[in-house]
Each structure stands twice: as structure tokens, then as C-alpha cells.
Amino acid sequence: MTLLSIDWFFLIEKILLISGVLVLSLVVAMYSTWGERKVAAWIQDRLGPNRAGPMGLLQPLADGGKLFFKEEIIPTNSNRFLFILGPSIAMLVACMTSAVIPWADTITIAGRQISLQVADVNIGILFIFGVVSMGVYGIMIGGWASNNKFSLLASVRAASQIISYELPMGLALIALLMLTGTLSLKEIVEQQRAGLWNVVYQPLGFLIFLICAFAECNRTPFDLPEAENELNGGYHLEYSSMKLGFFLFAEYINMFISSALMATLYFGGYAYPWMDKLGLSENMLALTGFLALFIKTLFFIFFFMWVRWTIPRFRYDQLMRLGWRVLIPLALANMLITGAVELLRHH
Amino acid sequence: MQTLTNRAKPVDRRPMTFMEKMYIPAIAKGMGITLKHLFQRKATVSFPEKKRQFSAVFRGLHVLNRDEEGRERCTACGLCAVACPAEAITMEAAERKPGEEHLYREEKYAARYEINMLRCIFCGFCEEACPKDAVYMSETFAPAMYERKGFIYGKQDLLIPNPKTSSGK
């Protein structure tokens, strides 16, 4: 249907897809909080939340309700506008990255080819980098606007940490780009569908990417910006009610998105072995592909939690040394080797 | 220097080897340990549904005992109150009237007998001091309450049910 030279079905389809992806990331983030507490409990030989609903499944709703009804406090000497802007940016940026991730192959409904990716832009990885690096503004603005020394210290830590770890992350990805020759996430997945998963060619690159993803998400062992026992909670120290909730929630969404990204870049995304030999219909293929991606993503989310409850936090100088003196040289070496191999292969 | 025990272990201060500096094997080992704990038996007891067995000498809330005919054993001698290190027990004595022989075993009885469970330290000295086997400590503990005055247990809270009048219980 084309009216006023706008393809309205295309618009509806995209709006539905965007809402779906948004709801999915919110729900996954919500249940990550539950999962986090369960995993933490199990690792520490406890049971974890089990009172609200069966297996404590209503716990995230109770937590959310509690956060909504808490008193909202804005410190007198804070910058009111920036104080509200901080968590808003954190949340907005966290939700934006999901736009370029291909959730599944195309499906056909009533003769229309629908791509299950909000935007198949040819600069997908660049887009993610651009948006992710904006996430630090939320933390920085929130920490600075609080007018509290601990918040400020935490946001300075966050800024330098994220900048330091973006470099090896980018370098690790450059090696991947040399291999695939494209920035579009969809094409990267399609290449892995035809051949082997990228982690086979880029194990070191994946390891560097994984470590940097931990640092970018402010997760333990790199959770210095919100070190509870050093900075009283870090950049969200002065926040209460749902603004605090947004900061915490943004972290879980980031975790979900970076897990999905790792699955997409290195573990075949929605592709799973022998998917083209099963003889499934196109829609079934998309559905199973989505499930495959989802399982991979959940595994990485679990991995994030598993690491968090195993490894203690780094000291700040150790963090910086690891970033600049270990990961960047390693990533550079990885890039050089990949480049040399690619050059030899093409000649 | 001579060590006092043979348990002391010298600290290994050798510089780390390359494998140790990589940290990855150590991290993998640690993650293996946490993964093992993921499937281990949990230490938690889901309290209201499951209760742990008390030890044989557990000292819980007090009860005031009756004899075989359902008469109160307490004679309000005050020895428990004297023995109590927390001074949680107070009582008032009264004389048994003719016709009350089925209620009280001896000529003197406690008209009022109160134990403040907030003061009580559950040491069990009252139980030991009682010459009439009237005070015993049971296997229950004080429940949570919203007000302090609920924790002052009177005779009606402490006396065990009369075996004569409430038979079958």
C-alpha cells in the first residue's frame, strides 16, 4: 500500500519491530536482575529470591514497583536539568544500540519480505561504537550534576575507563572487519552462516572484545565507577527512585545488547550449524534462528554474572595497566597478524 | 625465630611466572569452582515451611506446669525471680481459699506471674531454681510482635492447658 508516496506497510512493520525489540530488551533486562540474584545466590550456596511468585519470578515487578514509589530526591545544590538528563541519556543510549542487531533472517508474511532487523545500515558496527561511547555521557553528566565528590570521582573513573577500553575493543574489531570485509552486521552473520563462526578465526580478538565488553558495561571486575564499598555506590550515589532505577536498568540493557553483539559478531548470530540442511520453511528458519541467537545471548548474560560472582574488582592502576599495556598491544598484534594472513590469502 | 606452632606457612614471594601473569588459567580455575557451587546443595533452610530440629537442650519460651490433676504447681516462692539474672520475672502471691483445692496444689499460689520476654536471656536459671518443677522452657521461641507490651507474658500465656478440663488436646 503506497499512499502519499510512503510505503505504509513498511512503516507499520518497522514500528512493530522497534516496539518488539524494545519490549524484548526491557523484559530481558528486567529478568536479568532476577537472574543475577539467582546466580549470585546459587554460587554462594543460597536459594535466592523465591517468595514473590513461583521461583521468585515476580521479584523484578516488586523491585520496579518499589523503585517507582520511592521518594524522589534532587539535591539542592545539584544542577536540576543535568541531574535529570543523566539517567535519561543512559537509558536512551542503552536502548538505541539494539537497532542494528539482526535478530533473525527475513520472514515472509502475506507475500511481503520482512527483515527482522530494525535498520540494516552498512555502517552497523560504527553505529554501535558511536552510540556506546555516548553512554559515558549519561554517567558523566549524572555524576557531575549530583554535586558530590564521590559521584564525581566515579564518573571520572567511568570516563577514563570507557575511553581506555574502547581502543582495544575497536582494534579487536578492526581485525574482524579485515576478515569479513564489511561493517554491516547482517552480512557478517550471513558470512558465518555460510562458513565457520568468526570465533574460530579470531579467538584472541574475541577474548579482547569480551574483556572490553565487561569494562564498557561497568561490570565486575571492572565495576570501579559504581564500586559500592569505595564510592558509596559511585555515580548514582545521589539518585533515588526511578532515576536510580534507570541507571541500574541501563546497565542490564547494555549487558543484554553486548551479549547479543558478541553472539552476532563472533558466534554466528542467528545462524546455527546445519541450519540450511534441515529443510525448514523460511519462517521456521527465522524463528529457530531467533531462538538460537536468544540462547547464545542468554549464555553470555549468564557468563557476565558468572564472572561477576567469581572475580574481585581490579584496583584502578591495575585496570589502566591492563587496558593500555596488555590489551592494546595484544589487539595491535592480533590486527597485524590478521592483516598479514589476509594479505597472503588474497595474493 | 622459633615458631609457636607448625601451622605457619612461609609466603611465596617468587616473581610470577608467565602463565601466572596471564591470569586466564587462574580465572578459569576460579570460575570452575563457582560453577561447581552452582549445583551444590544449598545451605538455606526455607524457614516457615521447613523448620530445623532444635537441639535436645534448647531453651525456648517458658511454660508454667500443672500436676497430674491439673492443679498449678507454682507456689509463688520467688526463687525463679531471684535466680533470674535479667530480672525478667515478677509475681504476686495469694492464699488459696477453701474450695480452690482443685485449682492450686498448695496453700499459696501465684495470683500474677509475668515474664518479660524482651528482658529474658533464656539462660534457664529459673528452670533450675524452681523447687516445684513449675517452670519449664519449651521448644518454641518468642514470635515477632508490633508492640512491646505483647512480650510481657502473663499467666494465661504461660500455663499449659489443664489436662482435666481440656482433655483430648
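Predicted model: local features only at pLDDT ≥ 70, side-chain atom pairs only at ≥ 80, totals over all residues.
User: Okay, where is A:Met55 found?

Analyst: A:Met55 sits in the loop between α1 and α2 (59-69) of chain A.

User: What makes A:Met55 count as partly exposed?

Analyst: Count its neighbours. A:Met55 has 14 C-beta neighbours inside 10 Å. Buried needs 20 or more and exposed needs 12 or fewer, with partly exposed in between. So 14 lands A:Met55 in the partly exposed class.

User: What is the phi of A:Met55 like?

Analyst: Its phi is positive, about 55°, although A:Met55 is not a glycine. For background, most residues other than glycine have a negative phi. B:Ala76 is also not a glycine, and has a positive phi of about 55°.

User: Where is B:Ala76, and is it buried or exposed?

Analyst: B:Ala76 lies in the loop between β1 (62-64) and α3 (79-83) of chain B. It has 22 C-beta neighbours inside 10 Å, and the cut-off for buried is 20 or more, so B:Ala76 counts as buried.

User: Let's do helices. How do you know that the span of α5(A) agrees with its number of residues?

Analyst: Helix α5 of chain A covers residues 149-180, which is 32 residues. The expected span is 1.5 Å times one less than that number. This gives 46 Å, and the end C-alpha atoms are 46 Å apart, so the two agree.

User: Which class does A:Ala175 fall in, buried or exposed?

Analyst: A:Ala175, found in helix α5 of chain A, has 26 other C-beta atoms within 10 Å; the cut-off is 20 or more, so it is buried. A:Ala175 touches A:Gln202, A:Gly205, A:Asn334, A:Met335 and A:Thr338, leaving aside residues up to four places away in sequence. One of these, A:Gln202, is 27 residues from A:Ala175 in sequence and 7.9 Å from it in space, C-alpha to C-alpha.

User: And why is A:Ser160 called partly exposed?

Analyst: A:Ser160 is in helix α5 of chain A too. It has 17 other C-beta atoms within 10 Å. That value falls between 12 and 20, so A:Ser160 is partly exposed.

User: What makes α10(A) largely enclosed by the rest of the structure?

Analyst: It's a matter of counting residues: 22 of the 26 in α10(A) are buried, so the helix is largely enclosed. From its first C-alpha to its last, α10(A) reaches 38 Å, close to the 38 Å expected at 1.5 Å a residue. Just after α10(A), A:Gly268 has a positive phi of about 80°.

User: Why is α1(A) called roughly perpendicular to α10(A)?

Analyst: Helix α1 (residues 8-43) and helix α10 (residues 241-266) of chain A pack at about 110°, with axes 8 Å apart. Angles of 65 to 115 degrees count as roughly perpendicular, so this pair gets that label. Among the contact residues are A:Val28 and A:Ala29 of α1(A), and A:Phe249 and A:Tyr252 of α10(A). Overall, the residues of this contact divide into eight nonpolar, three polar and no charged.

User: Now chain B. How do you know that β3(B) and β5(B) pair?

Analyst: Two strands pair if DSSP finds at least two bridges between them. Strand β3 (residues 108-116) and β5(B) have two bridges, so they meet the rule, and they pair in the antiparallel sense. B:Ile115 stands opposite B:Tyr153, and the bridge partner of B:Asn116 is B:Ile152.

User: How many bridges join β2(B) to β3(B)?

Analyst: Seven, and these strands run antiparallel. B:Ala93, for instance, has B:Ala110 in β3(B) as its bridge partner. Together, the three strands form an open sheet in the order β2-β3-β5.

User: What makes β2 and β5 of chain B edge strands?

Analyst: Each pairs on one side only: that goes for β2 (89-95) and for β5 (152-153).

User: Last one: how many residues of chain B are in contact with chain A?

Analyst: 10 residues of chain B are in contact with nine residues of chain A. On the chain B side, they divide into four nonpolar, five polar and one charged.

How values were computed: Residues numbered from 1 in each chain as written. Chains lettered and ligands numbered in written order. Helix = DSSP H or I, 4+ residues; strand = E, 2+ residues; numbered from the N terminus. Contact = placed C-beta atoms within 7 Å. Nonpolar A, V, L, I, M, F, W, Y, C, P; charged D, E, K, R; others polar. Axes fitted to C-alpha atoms, helices over the stretch in contact; angles between N-to-C directions. Parallel < 35°, antiparallel > 145°, perpendicular 65-115°, else oblique.
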